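Biologist: I would like to go through this model with you before I use it. Could we begin with the parts that call for caution?

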Amino acid sequence: MAIEKVCVVGYRGNMGRRYCTILDYLGIPYHGVEKEDEDWEPEKDVEGIIICTPTETHYEVLQNSCYGLPILCEKPLIKNIGHLEDFLQFGPETSMINQYRYFYTPSDELTLVENYHTGNDGLLWDCLNIIGMARSDIHLTKKSPIWNIELNGKRINRAKIDTAYIRNIEDWLTGDLVESKRYIIHAHKKVIEYEKRLKDCNWYTGEEVFLSSTGEVSKDPL
């Protein structure tokens, strides 16, 4: 069944404004609330919830959003793996924003350059679904503030990213977004493992590093 009205939690933030704009574009009515609102709850005719509050609040907001409605949450879902597993086992139907799935396949060779403030979590967490299912080597370069993404030598620009977000929201609204709970947990665990390895390779000093699908990290191409 298609979702015809949405509650956006965190609608005043950067990502919240993005989703409200997309819902306006798609002609989907919505109402916005903030985590800080006292006794907030969806309006009676709401059929789905989008959560785009800061990552550290996701677990609390998700726990307070159990109205039996489908949920779409920004990534990372919950960084604490124990809390993540518990919520996905006992919580409502939950999907995770995965815009990169719409222009990425696991067999693609991927080059990512970070020059853009992707939020509070950085490049690895922003690309959670790519890291989680990558089969080929991933070449990650951290620079300073703008996104440049290339897949097989083809630049992915802002327009393609915006279109990917729209398709992601459309699929969730129509019920076509199918996300395995096992996959979400696997992707989060893999990012945590990669983060630890990348810190050892001076990732956070801005040096170029290469990351393989098996988790090997090197300053030279693998």
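Modeller: This is a predicted model, and one stretch to treat with care is residues 143-147, where pLDDT stays under 50. The model has 21 contacts beyond four places in sequence for residues 143-147.

Biologist: Where else does pLDDT stay under 50?

Modeller: Over residues 114-119, for which the model has 20 contacts beyond four places in sequence.

Biologist: And what does the chain average in pLDDT?

Modeller: The average is 76, and 64% of the residues score at least 70.

Biologist: Fine. How many helices and strands does the chain have?

Modeller: There are 7 helices and 11 strands. The chain has 222 residues, of which 51% count as buried. Its accessible surface is about 11100 Å², with 47% of that belonging to carbon and sulfur atoms. Of the contacts between residues at least 6 apart in sequence, 66% join residues at least 24 apart.

Biologist: Let us turn to the sheet. In what order do the 5 strands stand?

Modeller: The order is E2-E1-E3-E4-E5, in an open sheet with parallel pairing. E2 and strand E5 (94-96) each have a single partner strand, so one side of each is left without a neighbour in the sheet. On average, neighbouring strands of this sheet are turned by 20° against each other, direction ignored.

Biologist: How many bridges join E1 to E2?

Modeller: E1 and E2 run parallel and are joined by 4 bridges. Val-6 has Tyr-30 in E2 as its bridge partner. On the other pairing, strand E1 (residues 6-9) and E3 also run in the parallel sense, over 4 bridges, and Val-9 stands opposite Ile-51 in E3.

Biologist: Which helices pack there?

Modeller: Helix H6 (residues 158-174) packs on the sheet and touches E1, E3, E4 and E5, its direction making about 150° with that of E3. Helix H1 (residues 14-26) lies across E1, E2 and E3, and runs at about 160° to E1.

Biologist: Back to E2: which residues make up its covered face?

Modeller: His-31 and Val-33 form the covered face, while Tyr-30 and Gly-32 form the uncovered one.

Biologist: Now some side chains. Is Lys-75 buried or exposed?

Modeller: Lys-75 counts as buried, because its relative accessibility is 5% and the cut-off for buried is under 20%. Lys-75 sits in the loop between strand E4 (71-73) and helix H3 (81-90).

Biologist: What is Lys-75 in contact with, neighbours within four places in sequence aside?

Modeller: Its contacts are Met-96, Ile-97, Gln-99, Tyr-100, Trp-125, Asp-126, Cys-127, Leu-128 and Asn-129. With Gln-99, the side chain of Lys-75 makes a polar contact of 2.7 Å.

Biologist: Is the peptide bond from Lys-75 to Pro-76 cis or trans?

Modeller: That bond is cis, with omega near -10°. Pro-76 also lies in the loop between E4 and H3. As background, most peptide bonds are trans.

Biologist: What about Lys-5?

Modeller: Lys-5 lies in the segment before E1, and it counts as buried because its relative accessibility is 14%. A polar contact of 3.2 Å links its side chain to that of Asp-45. Beyond four places in sequence, the residues that Lys-5 touches include Ile-28, Pro-29, Tyr-30, Glu-43 and Asp-45.

Biologist: And where is Tyr-11?

Modeller: Tyr-11 is in the loop between E1 and H1. Its relative accessible area is 25%, so Tyr-11 is partly exposed. Residues up to four places away aside, Tyr-11 touches Gly-16, Arg-17, Cys-20, Gly-32, Val-33 and Glu-34. The side chains of Tyr-11 and Arg-12 are joined by a polar contact of 3.2 Å.

Biologist: What separates the C-alpha atoms of Tyr-11 and Ile-51?

Modeller: The separation is 8.6 Å, for residues 40 apart along the chain.

Terms used:
Residues numbered from 1 in each chain as written. Predicted model: local features only at pLDDT ≥ 70, side-chain atom pairs only at ≥ 80, totals over all residues. Heavy atoms only, no water. Helix = DSSP H or I, 4+ residues; strand = E, 2+ residues; numbered from the N terminus. Buried < 20%, exposed > 50% of the residue type's maximum accessible area, 1.4 Å probe, protein only. Contact = heavy atoms within 4.5 Å. Areas by Shrake-Rupley, 256 points an atom, 1.4 Å probe, with all protein chains shown as cover. Polar contact = N/O pair within 3.5 Å; in protein donor to acceptor, adjacent residues only side chain to side chain. Pairing = 2+ DSSP bridges. Axes fitted to C-alpha atoms, helices over the stretch in contact; angles between N-to-C directions. pLDDT = per-residue confidence, 0-100.
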